[in-house]
Amino acid sequence: MLNFIVVDDVVEITKTVEKIISKVMMGTNLEYKIHVFNNYDSKFLKYMKQQIPNKIYFLEKEKKS
């Protein structure tokens, strides 16, 4: 199973990335799951620490103040 992790605070961007991933993966026989996070919060960090194999990340560059 492939695990795609998408992080962006703009919902339209995460939805677009999800659609692209799904479109590409439909042409394969691979199982996959898309995990979406809207920021680098505790939920995201908890997921990152899990020993889940085959992670592919699409990360938004963190903005500097």
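1. How many helices and strands does the secondary structure of the protein chain come to? In this predicted model, the count is two helices and three strands, and their order along the sequence gives the pattern β-α-β-α-β. The strands include E1 (2-7), E2 (32-37) and E3 (55-59), while one of the helices is H1, covering residues 11-26.

2. On overall dimensions, the C-alpha trace of the protein chain spans about 40 × 30 × 15 Å along its principal axes. Of the 65 residues in the protein chain, 28% are buried, and the chain exposes about 5100 Å², of which 57% is supplied by carbon and sulfur atoms.

3. Helix H1 deserves a paragraph of its own. With 16 residues, H1 reaches 22 Å from its first C-alpha to its last, which is close to the 22 Å expected at 1.5 Å a residue. The buried residues in H1 are Thr14, Val17, Ile21 and Met25, and, seen down the axis of H1, the buried residues fall within an arc of 65°, so they line one face of the helix. The spacing can be read against the general rule that an α-helix has 3.6 residues a turn, so residues three or four places apart point the same way.

4. Which strands do the buried residues of H1 pack against? The partners are strand E1, strand E2 and strand E3. On the other side of H1, by contrast, Glu12, Lys19, Ile20, Lys23 and Met26 are exposed, a set that includes Ile20 and Met26 as well as the charged residues Glu12, Lys19 and Lys23.

5. Ile13, which has its place in helix H1, is partly exposed at a relative accessible area of 38%, and its C-alpha atom is separated by 22 Å from that of Gly27, 14 residues away along the chain. Thr16, also placed in helix H1, is partly exposed with a relative accessible area of 43%; Thr16 and Asn39 are 23 residues apart in sequence, and their C-alpha atoms are 17 Å apart in space.

6. Asp9 is found in the loop between E1 and H1, where its relative accessible area of 42% makes it partly exposed. From Asp9 to Ile56 the distance is 18 Å, C-alpha to C-alpha, for a separation of 47 residues in sequence.

7. Once its neighbours within four places in sequence are left aside, Leu59 is in contact with Val7, Tyr40 and Phe44. The C-alpha atoms of Leu59 and Val10 are separated by 12 Å, although these two residues are 49 residues apart along the chain.

8. A backbone detail that a reader may wish to inspect concerns Asn54, which has a positive phi of about 60° although it is not a glycine. Asn54 has its place in the loop between helix H2 (42-49) and E3, and at 45% relative accessibility it counts as partly exposed.

Technical notes
Residues are numbered from 1 along each chain as its sequence is written. This is a predicted model: local features need pLDDT of at least 70, side-chain atom pairs count only at pLDDT 80 or more; totals for chains, interfaces and linings use all residues. Side-chain values use heavy atoms; hydrogens and water are left out. Helices (H or I, at least four residues) and strands (E, at least two) are DSSP runs, numbered from the N terminus. The expected span of a helix is 1.5 Å times one less than its number of residues. Buried means under 20% relative accessible area, exposed over 50%, partly exposed in between (1.4 Å probe, protein chains only). The arc is that of the directions from the helix axis to the C-beta atoms. Contact means heavy atoms within 4.5 Å. Accessible areas come from the Shrake-Rupley method with a 1.4 Å probe; for residues, only the protein chains shown count as cover.
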